[in-house]
Structure formats: structure tokens, C-alpha cells
Amino acid sequence: MRRWSLAGQMLALQLVVVAVTVTGGAALVTVLAQQVVTTEAATRSKAVALSVAASPDVLAALGEPSPTRSLQPYAERVRAETGVDFVTIMKPDGTRYTHPNPAEIGRRFLGRIEQAARGHAFTEIHTGTLGPSVRAVVPVRGPDGSVDALVSAGIKVEKVSEALRGVLGWMAGVVALGLGLGAAGTWLVTARLRRQTHGLGPVELGRIHEHHDAVLHAVREGLLLVGRDGTLTLCNDAARTLLGLPADAEGRHVADLGLPDVLAGREEESVHLVGDRVLAVNSAASRLGTVVTVRDHTELRALAGQLDAERGFAESLRSAAHESANRLHTVVTLVELGRAEEAVAFGTAELRAAQELTDRVMGSVREPVLAALLLGKSAEAAERGAELVISEDSELDDPGLDTRDLVTIVGNLIDNAVEAAGRVEVLVRGDASGLVIRVADDGPGLTAPEAFRRGWTTKGDGHGLGLALVGQAVRRLGGTIEVAGSVFTVRLPAPERIS
């Protein structure tokens, strides 16, 4: 059997609440209306009785031999004018002088009279000759203050019920209207709830929430949901770790959290540097805002950097091989032309130049990976028509630093300089205080402070990560980088000084 949806349960519950509330209110109003109508009848009856008891004509008639002759017409006239059902004037012992039914005159009054006989007016509901009635009994005092007679005026309960039925008729209409409006409002609210919950029941909704929470916190990728106003509405544990978000990040604007602009609502895939991490960010717009996934590509980028270095070495070897082939071809051609001496001289000069470059690099930079990088970049720069010069002040043994970071720093700075200028000078010098790397070129240089932020470039689309990776590597090694026009200076502390 299919369980009720949450919307259906809410509809049934709200209808019951509305029905109970309206019915209870109607019952309370009925009781109050009955009390009001009964009280009004008692008040009117008492007022009529007091008026008759205070009339001089009544006292005068009581002194006559036959008081009924004067009092009966008077009582009937008062009854007709005031709208009460009876006005009975009687002796202190209850013997009637008047009654709407003349046959009852001379008989005893049906009801309590003791309190009135003692001089106190009161009201009651009692069944008399005319049926149940709301009546008042008051004393008629003589000139000396004694109780000479009693007066009772009343309204039949049947007439009181008729007035109450009129009130209840209006109230029934109001109750029906209230039930109708309550049911309609409840149905509208339920319809909206059904659309929002897709007709699911509490158990299904609870299960979906549990699954959502489990998946959200179990996935290793960072997941964020940013509202249309830029407010971070959701983030999982991986996103907090990757982006360094505080515990109260949800509910704050992304600008206040220092997050990348990619979270502002654009659909794109990009790579960003956040602290020491290289993050691949993918954002897509949805009806709830922007859904952003974040993946840690730090290790992948490190491996890609090593691959780039290996590719650079291979490219350098290719360039050197190409240049050597050209020189060898020249020597062979000179020999074939019978110019052996010129061939020997040419070959010796080229060999000497290559050996001098190798000796200069290896003599000043004795770290093999870095020396190989500089030799390769020299050949690559020559093939591009640029000149790469190793400063005579260069002096470096084992720096004690991660060679991958050094390759990233030196390689990207040289590539950036070679692409912008024709002559590049590199200084690599290390001592007890640390390592200094300086790359200068004869290009226009730059002064933009954003140069070491991911995406900043002057070379068009597809660039902008090299200098950002340099800045990341320098920060990871605890160093600093300075830019003065076309001179980049990196200072790295000795390993034992890195905090």
C-alpha cells in the first residue's frame, strides 16, 4: 500500500485542525450567545417587573376591595407594550391578582417567591402555566416599606430560543464560510508543498536527505553552491579543505571569503592557484545559482611540470642535435671541397664554443638537473634567435632544495624572458644565507602586481599559468620574488631557515 505523501498528510492534518478550530469556536459562540440572550431576557423581565412594582396605580389598586378589576387591564396593557409573555401581580403568599389566562386568577403562583417576599428581587428560569420561562419576581412595597404584593414578569424560553436560532443562523453561515476558506487555503498550501516535495512522503524525504548528506561529505571533490546574489549556500568538507574555508562560510558572500571570481556565476572550466594548491574549477549555472566543483590538481601539475622539464630537455637535445647536424654537414662539405684545413678550423671553433658553454655552466652550477636545464634552455634560445647568457657571478653547489621547484622557477622565468626579448641573462648564486635567482632581459618588462596571479598574461588566451606557478613555488619554499621592469629576482632561504 502506497504511503501518503507529505503534502497529503499535511492536507489531512490541516483540515482536521481547521475543522476542530472552527467547530470549537462555533460551540463557544453558541454557548455565549445563549447566555447573552438569556441574560437579556432576564434583564428585560426584571426591568418590566420593577416598573410595575413602582407604579402608583398598583399601590392604589391594592387598596380596593377587588384589586383584580383594576390590575388585570393594567397588567395586560403593560404586557402588550413591553413584549413580555406575562405580567403577574399577586399577594405576598402567591395568590394571583392578574394573569394572561383569566382562569388562573385566584390560584397560586408557580415558582419561588420566598426571596421576593422578604423584599429582594431575583430572576430565574422556571416552568409555569405558560411553559418554561425566564422570569423576574420583585416586591411591591407599601408606604411603610412593608411588602404588600409581588410582581412577576417573564419571557417564555421558546421565544428566547427563537432569538437564539436567528443568531445561530448567521453564525452557521460564518462557520461554513470559515470552513470553506480554511479548506481552500489549506488546499493551496498543500498544492504548493506537493510541487516542492514532488509528492514524496516524510520517509522518502528523510532518506533523500540522508543520501544527499552522505554523498556530499563522502566525495573527494569539492562541491559548492553559490546563490544568484553571490552568497555561498552550500559547501562540503572537501571544498572547505581545498579552499581553506572557515566553519561559518555558508551564508557569507564569496567576495568576503576571498574565493576566485569564477564563483560569481559564469560557466567556465579553469585552473586557479589557491595557497599552495593548483585547483581545477568547473562552474555551471543552475536555477538555484552556480554549482561549482573543485578538484585538486597539485600533484598532477607537479607531474606535468616534470614532464615539461623532460620535454624541454628532449627539445634541447633535438635543438642541439639539429645544430650539430648543420655544423657536421658544413665540415663534411668543406672536406669534400678539398678545404680540409678550413674544415678542421671550423669544427675546432664550434667544438671549443660548445665546450666553453658547457664548462662555464658546469663550472658555476654544479647541481646537475639545474645545469642540464640551463644548457637545454641555451640551445632552445639559440634556435629561437635569442641569446641566453649565464652570468659570470653564478655559483651554485647543492642548494638542498627540491629540484622540481627550482626547475619550475628557473624554467618558467627563462621561457617568459626568451619570449619577450632577444637577450637574456641568468644569475644563479647560492651561499649559506640562501639562493638568489635573477633573470634579466632587454624587453619592455612589466610592473603589474597581478603578474603572479593565475590568468594574468600579455600573450593572449591559453597563457597565464607560468608566472603563477613560479609564485606558488617561491611561496612554498618560503622565499620572495621581486620585479623591477624586466629583472626578476627570486630569493630563497637556506633549507634550515625555512620556517
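Which element gives the largest share of the lining of the largest cavity? I looked this up first, and the share belongs to strand 3, with three residues.

**Basis of the entries.** I worked from a predicted model, in which local features need pLDDT of at least 70 and side-chain atom pairs count only at pLDDT 80 or more, while totals for chains, interfaces and linings use all residues. Residues are numbered from 1 along each chain as its sequence is written, and side-chain values use heavy atoms, with hydrogens and water left out.

**Cavities.** I searched for cavities, each a set of points on a 1 Å grid over the protein atoms alone where a 1.4 Å probe fits but cannot get out. Volumes are the space filled by probe spheres set on the points, with grid points joined across faces, edges and corners. I found two cavities of 30 Å³ or more.

For the largest cavity I noted a volume of about 90 Å³. Its lining (residues with an atom within 4 Å of a point) consists of Phe86, Thr88, Arg96, His99, Phe109, Leu110, Gly128, Thr129, Leu130, Gly131, Ser133 and Arg135. Strand 1 and strand 3 are the elements that give two or more residues to this lining. I sorted the lining into four nonpolar, six polar and two charged residues, with Ala, Val, Leu, Ile, Met, Phe, Trp, Tyr, Cys and Pro as nonpolar, Asp, Glu, Lys and Arg as charged, and the others, Gly among them, as polar.

The second largest cavity holds about 40 Å³. I listed its lining as Lys377, Glu380, Ala381, Arg384, Ile414, Asp415 and Val418. Helix 10 (368-383) and helix 11 (403-420) each give two or more residues to it. Here I counted three nonpolar, no polar and four charged residues.

I then traced an open sheet of four strands in the order 1-4-3-2, with antiparallel pairing. Strands are DSSP runs of E of at least two residues, and helices are runs of H or I of at least four, both numbered from the N terminus; two strands pair if DSSP finds at least two bridges between them. Between strand 3 (residues 131-141) and strand 4 (residues 147-156), which are antiparallel, I recorded nine bridges. Pro139 stands opposite Leu150 in strand 4.

**Ser486.** I placed Ser486 in the loop between strand 13 (480-484) and strand 14 (487-493). Ser486 is buried, its relative accessible area being 14% (buried means under 20%, with a 1.4 Å probe and protein chains only). I also noted that its side chain reaches the backbone oxygen of Asp441 at 2.8 Å.

Notes
Buried means under 20% relative accessible area, exposed over 50%, partly exposed in between (1.4 Å probe, protein chains only). A polar contact is a pair of N or O atoms within 3.5 Å; within protein, one must be able to donate a hydrogen and the other to accept it, and residues adjacent in sequence count only if both atoms are side-chain atoms. On a 1 Å grid over the protein atoms alone, a cavity is a set of points where a 1.4 Å probe fits but cannot get out, and a pocket is an open set with protein on both sides within 12 Å along at least five of seven lines; lining residues have an atom within 4 Å of a point.
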